[in-house]
Amino acid sequence: VKEEKAPVIKKQEPVVEAKPDTSEEKNTVIAEFEGVTITKETYDQTKTEMEKIVEQLNRITAAKDYTQWITFLSDDYKQQYSKPSTLKAVSEALPVKGIKLKSLKDYFMYVFVPSRQNVRVDDINFVSPSRVEVIMKQGNVSLLVYGLENIDGNWKLIPPKL
């Protein structure tokens, strides 16, 4: 009886590409603004900073701590959400009808607190070297949850362009 040998099948090994040296990766340019370069390293550091700020804002929001919240606001933000015209427009856009916002504190209690529960930083987007948009993904939708600007070394909330 003649034994048949099973045919030899050459197994194709997957090609493993060497990972680029991370020291080079951190210098990868993410964005550029009039000569100011945002590298991967800057992006990563800023994203970590944003995560810490959002964590603080989540705690402030959960505690409804208005006094602490205003320390995170830029002057533009305070002015924008103290304007009667802005408060009127925001009041009219609220899902719950009949709420008339009269102050920045009303805006915080009736708009900011209910709409900013458990925010996550899924991504950030540099708008300029000192301005960042914080993005949270819900399903396949990217939501702009915060705009922040670095003013005198501190990140402050800035109003969206209305």
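This is a predicted model: local features need pLDDT of at least 70, side-chain atom pairs count only at pLDDT 80 or more; totals for chains, interfaces and linings use all residues.

Biologist: What takes a positive phi just after H2?

Modeller: Lys-64 does, with a phi of about 50°. Within H2, the buried residues include Tyr-43, Met-50, Ile-53 and Leu-57.

Biologist: What makes the contact of Asp-44 with Lys-40 a salt bridge?

Modeller: The closest N and O atoms of Asp-44 and Lys-40 are 2.9 Å apart, and the cut-off is 4 Å, so the pair qualifies. Asp-44 and Lys-40 are four residues apart in helix H2, and therefore separated by about one helical turn.

Biologist: How do you know that Arg-59 and Glu-55 also form a salt bridge?

Modeller: Their closest N and O atoms are 3.7 Å apart, which is within 4 Å, so the term applies. Arg-59 and Glu-55 are likewise four residues apart in H2.

Biologist: Why is Val-90 called buried?

Modeller: Val-90 has 19% relative accessibility, and buried means under 20%, so Val-90 counts as buried. Val-90 is found in helix H5 (residues 84–93).

Biologist: Which residues does Val-90 touch, not counting those up to four places away in sequence?

Modeller: Val-90 touches Tyr-81, Leu-101, Tyr-107 and Val-111. Tyr-107 and Val-111 are among the buried residues of H6, and the buried residues of H6 pack against elements including H2, H5 and S5.

Biologist: Which elements give two or more residues to the lining of the largest pocket, and what is the volume of that pocket?

Modeller: The largest pocket has a volume of about 350 Å³. Helix H6 (104–115), strand S4 (131–138) and strand S5 (141–151) each give two or more residues to its lining, and the largest share, five residues, comes from S5.

Biologist: How does the lining of the largest pocket divide into nonpolar, polar and charged residues?

Modeller: The lining has 15 nonpolar residues, one polar and four charged. Among the 20 lining residues, Leu-144, Gly-147, Ile-158, Pro-159 and Pro-160 lie nearest the centre of the pocket.

Definitions and conventions: Residues are numbered from 1 along each chain as its sequence is written. Side-chain values use heavy atoms; hydrogens and water are left out. On a 1 Å grid over the protein atoms alone, a cavity is a set of points where a 1.4 Å probe fits but cannot get out, and a pocket is an open set with protein on both sides within 12 Å along at least five of seven lines; lining residues have an atom within 4 Å of a point. Grid points are joined across faces, edges and corners, and a volume is the space filled by probe spheres set on the points. Ala, Val, Leu, Ile, Met, Phe, Trp, Tyr, Cys and Pro count as nonpolar, Asp, Glu, Lys and Arg as charged, and the others, Gly among them, as polar. Buried means under 20% relative accessible area, exposed over 50%, partly exposed in between (1.4 Å probe, protein chains only). Contact means heavy atoms within 4.5 Å. A salt bridge is a side-chain nitrogen of Lys or Arg within 4 Å of a carboxyl oxygen of Asp or Glu.
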